[in-house]
Amino acid sequence: MTALGEAAREPVTPEGLAARQERDAAARPRPTVRELRDGGRFEVEELRVPGDRDGREVRLVSARPAGSAGPLPLLYYMHGGGMIMGNAWSVLPRLLREWALPLQLAVVSVEYRLAPQAQYPGPVEDCYAGLVWAADHAAGLGLDADRIMVGGKSAGGGLAAALALLTRDRGGPAPIGQLLLSPMLDDRNDTFSSHQMAGRDTWDRTSNATAWQALLGDRYGAADLPPYAAAARATDLSELPPAYIEVGSAETFRDEAVAYANAIWQAGGEAELHVWPGAFHGFDTLAPRAVLSQDARDARSRWLRRIIGR
């Protein structure tokens with residue numbers, strides 16, 4: 001962590017949130033559809049689909065290996081960024097390179113609204129609307145509606161966990177797996193690891209509190225917060241799809257991720273848990289060539305391959 005410098009650990013505060021969002025939007029890559037097609041290796045399409053009842057639309061980016069035959073399994077993916085940053089396009093080059101091509105699967109990345117401009121339930125409802133639309137239109141998109149996985153990293157991992165709960169309770173599309181990478185699950189921000197890594201992790205409890213406050217507004221800290229806002233609040237984790245949960249041992253989210261896996265096991269469910277030794281939040285992005293990062297990427301791919309093949 002020391003080698004990363006202070007910039008990587010600069011916490012996000014309420015006072016600095018707007019400026020941080022502006023810097024992130026300017027610095028984060030946002031590849032065009034043409035760039036994502038990568039000279040014809042991938043078929044990529046931007047879609048606008050119906051959102052909630054106010055007539056608003058949700059933007060999806062649909063991508064698949066070019067020339068792939070037959071309906072493909074789908075990874076329905078939610079980007080990271082603490083619910084306050086990020087976009088649906090920037091994550092796609094890596095997803096296409098690491099998973100879509102070698103595993104022959106399609107990816108739909110959802111552009112959910114960000115906090116504080118949109119607060120709960122806006123972002124998770126965007127994700128749900130996109131999932132329902134993709135499942136309903138699977139045939140036209142060349143997708144296998146019976147092999148849909150939900151996944152995401154950081155905030156996206158938290159949204160994926162919430163989405164699995166929401167679609168279970170609403171009787172919506174039933175995913176065959178949930179890929180939760182360093183998931184942001186618990187708004188209470190009071191685990192041992194959140195205190196242990198304060199001021200150390202790239203995403204520490206100050207940044208975490210800022211993001212949860214931005215998402216929840218007046219509901220921040222409420223005793224009756226729904227599990228669709230923060231999946232760690234769920235009291236019933238039965239009948240969920242198999243989960244892959246990973247986190248770093250030197251990460252703010254360590255204890256909430258481990259607790260979530262344990263709660264799934266106690267409910268009789270299936271979870272594969274990886275706690276990568278010494279890893280901090282975003283370790284595989286900031287240190288992609290590290291042996292540990294490669295091990296993590298390999299473990300994710302093996303799990304996806306097993307789930308797809310069931």
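Predicted model: local features only at pLDDT ≥ 70, side-chain atom pairs only at ≥ 80, totals over all residues.
1. A quick definition before anything else: helices here are DSSP runs of H or I with at least four residues, strands are E runs of at least two, and both are numbered from the N terminus.

2. Gln104 deserves a glance at its backbone. Its phi is positive, about 55 degrees, and it is not a glycine. Most residues other than glycine have a negative phi, and most peptide bonds are trans. Gln104 counts as partly exposed because its relative accessible area is 35%, between the 20% and 50% cut-offs.

3. Ser182 is another non-glycine residue with a positive phi, in this case near 45 degrees. You'll find Ser182 in the loop between β6 and α7 (192-196). Is Ser182 buried or exposed? Its relative accessibility is 4%, under the 20% limit, so Ser182 is buried.

4. Now for the cis peptide bonds. One joins Ala115 and Pro116, with omega about 0 degrees. Another runs from Tyr120 to Pro121, where omega is near 10 degrees. Pro116 sits in the loop between β4 (106-111) and α4 (122-136), and Pro121 lies in the loop between β4 and α4 too.

5. On to the inside. Which residues touch the most other members of the largest nonpolar core? They are Leu60, Tyr76, Met78, Ile84 and Tyr260, out of 66 residues in that core. The element that gives the most to this core is α6, with nine residues. There is also a second, separate core of 33 residues, and Leu75, Trp89, Leu92 and Trp303 are among its members.

6. Last stop, Gly171. This glycine is in the loop between α6 (155-170) and β6 (177-181). Why does Gly171 count as exposed? Because its relative accessibility is 62%, and exposed means over 50%. For a sense of distance, Gly171 and Gly130 are 41 residues apart in sequence, and their C-alpha atoms are 15 Å apart in space.

How values were computed:
Residues numbered from 1 in each chain as written. Heavy atoms only, no water. Buried < 20%, exposed > 50% of the residue type's maximum accessible area, 1.4 Å probe, protein only. Core = buried A, V, L, I, M, F, W, Y, C linked by side-chain atoms within 4.5 Å.
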